[in-house]
Amino acid sequence: MVAIPVGLIVAITVVDLLTPSGIHLGPLLVVAPAITPSFAGPRTTGLIGALAVAAQILIAALRGGFDVNHQVQIAALAVLSLLITAYAREQRRRHRELARVRSVSEATQRVVLRPLPHRLGPLRVASLYMAAEDEAQIGGDLYAATRVKECTRLIIGDVRGKGLTSISDASVLMGAFREAAHLTPDLLELTDVLERSVCRHLAEHIATANVEHGGAEQPGPEADEELREHFITALLVDIPDEGAVMFMANCGHPPPLLLREGGRVTTLHPANPGPPLGMCELPRSSGDPGTPETMPFEDGDTLLLYTDGVIEARAPDGSFYPLVQRVAQWCGSGPEGLLHHIRRDLLAHVGGRLGDDAAMVVIQRSPALHPVQQLKKMVPANGAHR
């Protein structure tokens, strides 16, 4: 790459010396140091600038001496080369700072949004996170999964807003879920525990903001209004290892999709949806508060959990992404293959860049991973060990 500015300097110098005396191409030498910071650091940029100044001096010496015109050209080129070198130095510093920010972002992602295992009991699992903000590895969408006795428990959620400003709310919910999921066997009771954790966090956040701005420690009307504007939609799912059902609690989240062989896609609308987490004063369920919703989930079925960043993604013409219609053609792709198809198709739909964070989790019940099936392989029909 360094050969490009050096070649420009040589070419401009030769052409300038071959043209009539009334034509001066020496000022074009500034192009060489100007393009160097795009691929090299300040030291190389300074050397290219010095070479350009030396070429300008050579032109002046061979074109009749150092008259006022050549002196001004040499001085101007030297000053511009110094400025470009200083710019290259600042650019290098910013690149190093950006690399540190990326490192912190990746570390935050590993702590807050841990990668899901590819297998949980009899389930195959795949997950995907797509942040809307540039250089962000994590934003307001979240997901987590854990094993609770002979059951797999999952959560997917979406914090109001996007990008780095919503990481705090997401981390609070993720921490509460990881702690309470093993201590709270009932799914709806778990949503109440998460609700209290989110409300407590939001109240503390508003109180701290008031104190920092010189206000009272108790939230006022404006703080109450801000508190109501913060909420998290969430979907909690329990999938027992045995049986062909799953249990769900929907807190204002987009309904999941159930994919079956033959391209059959069913949207699992909740019969008794609850309000999003963080609404604090609203009741958790409009129906029977004591029983989570039961949905079919048989061997070979695939469950797609997603956030609204997927279904609200707009094409340049304003149309939303037709998730249900698109996934029907990929029902047999497996968890990883399904996410690959959706990601590529989604980015093509929006023109390459999302307007909001998007997260997806795919769960497939696999007979080959079922504990009973594994036991049958180990123990023959007569009961004797192989």
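Q: Is C331 buried or exposed?
A: C331 counts as buried because its relative accessibility is 14%. Buried means under 20% relative accessible area, exposed over 50%, and partly exposed in between (1.4 Å probe, protein chains only). This is a predicted model, where local features need pLDDT of at least 70, side-chain atom pairs count only at pLDDT 80 or more, and totals for chains, interfaces and linings use all residues. Residues are numbered from 1 along each chain as its sequence is written, and side-chain values use heavy atoms, with hydrogens and water left out.

Q: And C151, buried or exposed?
A: C151 counts as buried, since its relative accessibility is 13%.

Q: OK, zooming out: how many helices and strands in the protein?
A: There are 11 helices and 11 strands. Those are DSSP runs numbered from the N terminus: helices are H or I with at least four residues, strands E with at least two.

Q: How much of the protein is buried?
A: Of its 386 residues, 43% are buried.

Q: What about contacts with a separation of 6 or more?
A: In that set, 69% join residues 24 or more positions apart, where contact means heavy atoms within 4.5 Å.

Q: Switching to L28, where does L28 lie?
A: L28 is in the loop between α1 (3–18) and α2 (31–35). L28 is partly exposed because its relative accessible area is 44%.
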